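Q: Please take me through how features are read from a structure, one at a time, with the general idea before the case.

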Amino acid sequence: MTETILRFEDLGLSNGTLKAIAELGYEAPTPIQARTIRRMLDGTDIIAQAQTGTGKTAAFALPIIERLDADSRDPQALVMTPTRELAVQVAEAFQAYGKYHQVSILPVYGGQPIDRQLRALNRGVQVVVGTPGRLLDHIRRGTLKLDQIRTVVLDEADEMLDMGFIEDIEAILQ
Ligand code: AMP
């Protein structure tokens with residue numbers, strides 16, 4: 001049995017992150033957060049399943065933020081989401097959780113003018129969140145550099161597979 005961790009302070013998070021989540025009013029980790037954050041901080045690969053609204057975003061966003069190289073503006077984490085709405089929502093969550101780490105994050109999705117995304121990618125972003133098709137588009141154009149990526153997240157993977165993104169996802173993972 002894994003021990004139950006009831007406090008954010010016990011998960012190995014930095015003071016900046018603890019402050020950001022305290023300001024959001026989070027008092028204790030949700031079960032998925034308690035069970036995944038430490039493992040992700042250690043660099044372990046994880047498959048997790050939990051209902052919507054149970055704190056999955058913070059479960060992967062907090063350890064990603066902790067593991068970012070603050071001195072580098074290269075993309076270090078890639079988050080794939082099934083929809084543009086989720087991409088925007090996840091990007092906003094990263095922004096809030098990374099408030100004291102000055103995380104640079106960009107949502108990219110189809111339907112949004114690509115030149116705006118290109119300018120932002122050129123300036124440098126540490127975390128890129130997007131729908132598989134648009135991410136692949138940027139990878140093929142050479143506008144999204146992958147050589148410094150340390151973490152890849154398939155958010156709502158079941159949903160992405162249902163929506164037929166498997167080929168794009170495989171191409172990105174390749
Ligand atoms: P999510 O499942 O990631 O979409 O999160 C659902 C909602 O729960 C969001 O509004 C989060 O801000 C909130 N949330 C996430 N983790 C916690 C926590 N540990 N305590 C309280 N609220 C949380």
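Q: Leaving aside its neighbours within four places in sequence, which residues is Thr131 in contact with?
A: Contact means heavy atoms within 4.5 Å. Thr131 has such contacts with Thr81, Pro82, Thr83, Arg84, Val108, Tyr109 and Gly110, once its neighbours within four places in sequence are left aside. This is a predicted model, where local features need pLDDT of at least 70, side-chain atom pairs count only at pLDDT 80 or more, and totals for chains, interfaces and linings use all residues. Residues are numbered from 1 along each chain as its sequence is written, and side-chain values use heavy atoms, with hydrogens and water left out.

Q: Where is Thr131, and is Thr131 buried or exposed?
A: A residue is called buried under 20% relative accessible area, exposed over 50%, and partly exposed in between (1.4 Å probe, protein chains only). Thr131 sits in the loop between β3 and α6, and with a relative accessible area of 11% Thr131 is buried.

Q: How many helices and strands does the chain have?
A: Helices (H or I, at least four residues) and strands (E, at least two) are DSSP runs, numbered from the N terminus. Here there are eight helices and four strands. Read from the N terminus, the order is α-α-α-β-α-β-α-β-α-β-α-α. The radius of gyration of the chain is 16 Å, close to the 16 Å of the globule rule for 174 residues, so the chain is as compact as a globular protein of that length. That radius is taken over C-alpha atoms, and the rule is 2.2 Å times the number of residues to the power 0.38.

Q: What does the C-alpha trace span along its principal axes?
A: The spans are about 45 × 35 × 25 Å. Of the 174 residues, 44% count as buried. Among contacts between residues at least 6 apart in sequence, 66% join residues at least 24 apart.

Q: Which residues of helix α5 are buried?
A: Helix α5 covers residues 114-123, and its buried residues are Ile114, Gln117, Ala120 and Leu121. They cover an arc of only 125° around the axis, which puts them on the same side of α5. The arc is that of the directions from the helix axis to the C-beta atoms. The face turned away from the buried side carries the exposed residues Arg116, Asn122 and Arg123.

Q: What do the buried residues of α5 pack against?
A: They pack against β2 (105-108), β3 (127-130) and α6 (132-141). Just after α5 comes Gly124, with a positive phi of about 105°.

Q: Which residues of helix α1 are buried?
A: In α1 (residues 15-23) they are Gly16, Thr17, Leu18, Ala20 and Ile21. These residues pack against α3 (56-67) and α4. Gly25 follows α1, and its phi is positive, near 90°.

Q: What is the phi of Gln102, and what is the phi of Glu156?
A: Gln102 is not a glycine, but its phi is positive, about 50°. Glu156, also not a glycine, has a positive phi of about 50°. Gln102 is in the loop between α4 (84-97) and β2, where it is exposed, with a relative accessible area of 62%. Glu156 is in the loop between β4 (151-154) and α7 (157-162), and it is partly exposed, with a relative accessible area of 24%.

Q: Where does Pro107 lie, and what is Pro107 in contact with?
A: Pro107 is in strand β2. Apart from its neighbours within four places in sequence, its contacts are Ala87, Val88, Ala91, Gln112 and Val129. Pro107 and Gly53 are 54 residues apart in sequence, and their C-alpha atoms are 20 Å apart in space.
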